[in-house]
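Below is a short report on one structure, arranged by topic. Please keep the sequence and the 3D view open while reading.

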Amino acid sequence: MDKKKYPKSRLGWLWENMSGKRILFIAALFGTALYNVLQLVVPHYSRQLINLFSEAEKEHLPLADKSDTIYHLIFLMVALTLFRVVVVYLDCMAYERVSQGALFRIRNYLYDKIQRQDMKFYSTYRTGDLMTRVTGDLDAVRHNIAWVIRCIVESLTLFLSASVYFFLINVKLALCIVSIAPLIFFIVFRFRKKVGPMHKALREKLAGMNTDAQENISGNRVVKAFAREEYEKEKFDASNKDYRDTNMKTQMVWLKFFPFVELIANALPVILLLVGGVFIINGEITMGDYTAFSLLIWAIANPMRMMGNIMNEFQRFSAASDKIMEIYYSEPEIVNHPDAIPHPGRFEGKVEFDLVSFQYEDGKLPVLKDISFVAEPGETVAIIGETGCGKTSLIQMIPRFYEPNSGKVLVDGVPVENYNMTDLRKNIGLATQDVLLYSDSIEGNISYGATALTAEEVEKYARYSAASDFIHRMPEGYDTIVGERGVGLSGGQKQRISLARALAIKPSILILDDTTSAVDMETEKQIQHSLRNLDFPCTKIIIAQRISTTKFADKILVLKDGRIIESGNHKDLVAAGGYYSDLVKLQLGDSMVSAS
Ligand code: GTP
Ligand code: MG
């Protein structure tokens, strides 16, 4: 995954996301260069002042004669310093604007990208890892714009302007000082090679820790049920420690190089003292020149010292931006075909499977084998079969969550991949096996797919799904806020709200994946009744484990190991005396089989 090629380099990608703020960014870079060149002001004017004093002393002239020049120099020194402060202030604001703007843009783009991904994406990436990308990693990107790039420009300008100034004063002394610089580059290059991989590892550990925390928090009920708090705490402690240690190790790498860099940086004033001293004695430079060198020597030493820090942060940015770019440039495999047919209206609701076989990309065995059946518009098709036989996988082919490896899935006689995906999915009401409700009111949850519903309509769909009674009994009725994952509701209550949500879009095709498994028999009967008397035409595909649910279906498909082993209506299948009839015996007793 490391060497993945993206359409743009990291910096090219950043540049692209600075759109609209690029001129401001370039102005900010110039600002940085400017306020660093202005660092020369104080040493430069100090040099002139001291030269003035020395000359006056040499020529035994009273300083009062030169007071105009002195005041002029002091005024320039103060004014330019104040100007520098203003530039620094504006520059900080500009970087903040550009970096926040890019952050906003990338964050929005990523969210949109994640939304449009297919099922495979969601089974590949863990939530904690995705969250790390849109939080911590993005912050590293912002930091790169607001701090790292700025520090690079700052260090370069300081170093270059001080060097040029030194060369203008005295070439020989400047050479003695500046010639040490290549050594630093060599050290920093070695450092980069060492620290780069460590930042990658560090970033993985952070994502791992976030994933642990996210799973633990969302799975807190399981933790409590098994009294595994202590275990979870220790597990988190371990990954937290691991993260801290790797962090320390990464920071420590610089410490190995630090003494060399410090030695070189500290050698600079000593060289200046020795060589500069000799030059003064020989009259090659004036006292003012020496002062300027000495006031500016930090401008050569500090950029050297900063190099480690900058490189460290740049490697952090590299690791983080790789992770973001992976999502930024990822494309879902299941997308609209270029010649997809728009279908804004309702579908008839005919669903057809024609020799469909399917295997998950990361799975070892085929899950569905040669599935063929037809659900005519308005029909109810029930799918029954032991756990893991492929029922959920089968129905996921209809809204194109997955695509068959061979065979075709057709709706109204047209292969599903030929439809515009949004049009297709808007016509399918799906109540999934794991119910997920949003942190919203019950009304908000029911009208999630059909936002323009009136309160009466919401109530009607709640009635269809036998939910209106229990909703009325809640203190705030339809305004009751249900928590994340529907905390505060029973399993059967959540299922009924999810059924109402699926019905509320008046789908042409209704798919229920074990949606009444947690409701009592009596309530289920009511739901069955409503489903037979919906006020809109609708083909129903119902996965169920209970005979009471499948009994009234026009067609029952019995699935075993990914194949349809029996199909027909209740009567036929009981008469056939196969798996289904055994199931009827098991669930209803022998007497009922003969009765039905
Ligand atoms: P129940 O819901 O328990 O009644 O089972 P089901 O009939 O709905 O089975 P499902 O279609 O969910 O799974 C069929 C087979 O596919 C099982 O062997 C699963 O292990 C496997 N499977 C399901 N989802 C995935 C997936 O996302 N990736 C992979 N690789 N395998 C999967
Ligand atoms: Mg299932």
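## Terms and model

Buried means under 20% relative accessible area, exposed means over 50%, and partly exposed lies in between. This is a predicted model.

## Salt bridges

Side chains of opposite charge can pair when their charged atoms come close. The search of the whole structure finds 29 salt bridges. One of them joins D112 and R116, with 3.3 Å from N to O. D112 has a relative accessible area of 38%, which lies between 20% and 50%, so D112 counts as partly exposed. R116 is also partly exposed, because its relative accessible area is 44%.

R133 and E326 form another salt bridge, at 3.6 Å from N to O. R133 sits in helix α6 (residues 127-169) and E326 in helix α11 (residues 287-328), so this pair ties together parts 193 residues apart in sequence. Both R133 and E326 are buried. R546 is in the loop between β10 (539-543) and α19 (547-550), while E524 is in helix α18 (residues 521-532). The two are 22 residues apart, and the pair links distant parts of the chain. R546 is partly exposed at 21% relative accessibility. E524 is buried at 2%.

Shared partners also build a network of salt bridges. Its members are D129, R133, D137, R203, E204, K323 and E326.

## Four-stranded sheet

One open sheet has four strands, in the order β2-β1-β4-β5. Its pairing is antiparallel. The edge strands are β2 (368-375) and β5, each of which pairs on one side only.

Strand β1 (residues 351-358) meets strand β4 (residues 406-411) in the antiparallel sense, over five bridges. F353 has V409 in β4 as its bridge partner. S357 has S406, also in β4. On to the next pair: two bridges join β4 to strand β5 (residues 414-415), and these strands run antiparallel. There, V411 is bridged to V414 in β5. β4 and β5 make a hairpin with two residues between them. In the turn, D412 has a positive phi of about 50°.

## Six-stranded sheet

A second open sheet is described here. It has six strands in the order β6-β9-β10-β3-β11-β12, with mixed pairing. β6 and β12 (563-568) stand at the edges with a single partner strand each, so one side of each has no neighbour in the sheet. From one strand to the next, the twist averages 15°.

β6 pairs with strand β9 (residues 509-513) in the parallel sense, over four bridges. I428 has I509 in β9 as its bridge partner. In a regular strand the side chains alternate between the two faces of the sheet.

## Helix packing

Two packed helices are described by the angle between their axes and the distance between the axes. Helix α7 (residues 171-178) packs with helix α10 (residues 229-281) at an angle of about 160°. Their axes are 10 Å apart. Angles over 145 degrees count as roughly antiparallel, so α7 is roughly antiparallel to α10. The crossing of these two helices, α7 and α10, is right-handed.

## A contact across the sequence

P332 is placed in the loop between α11 and β1. Is P332 buried or exposed? P332 is buried, because its relative accessible area is 8%, under the 20% limit. P332 and F121 are 211 residues apart in sequence. In space, P332 and F121 are 7.4 Å apart, C-alpha to C-alpha.

Notes:
Residues numbered from 1 in each chain as written. Chains lettered and ligands numbered in written order. Predicted model: local features only at pLDDT ≥ 70, side-chain atom pairs only at ≥ 80, totals over all residues. Heavy atoms only, no water. Salt bridge = Lys/Arg side-chain N within 4 Å of Asp/Glu carboxyl O. Buried < 20%, exposed > 50% of the residue type's maximum accessible area, 1.4 Å probe, protein only. Pairing = 2+ DSSP bridges. Axes fitted to C-alpha atoms, helices over the stretch in contact; angles between N-to-C directions. Parallel < 35°, antiparallel > 145°, perpendicular 65-115°, else oblique. Left-handed = near helix turned anticlockwise from the far one by under 90°.
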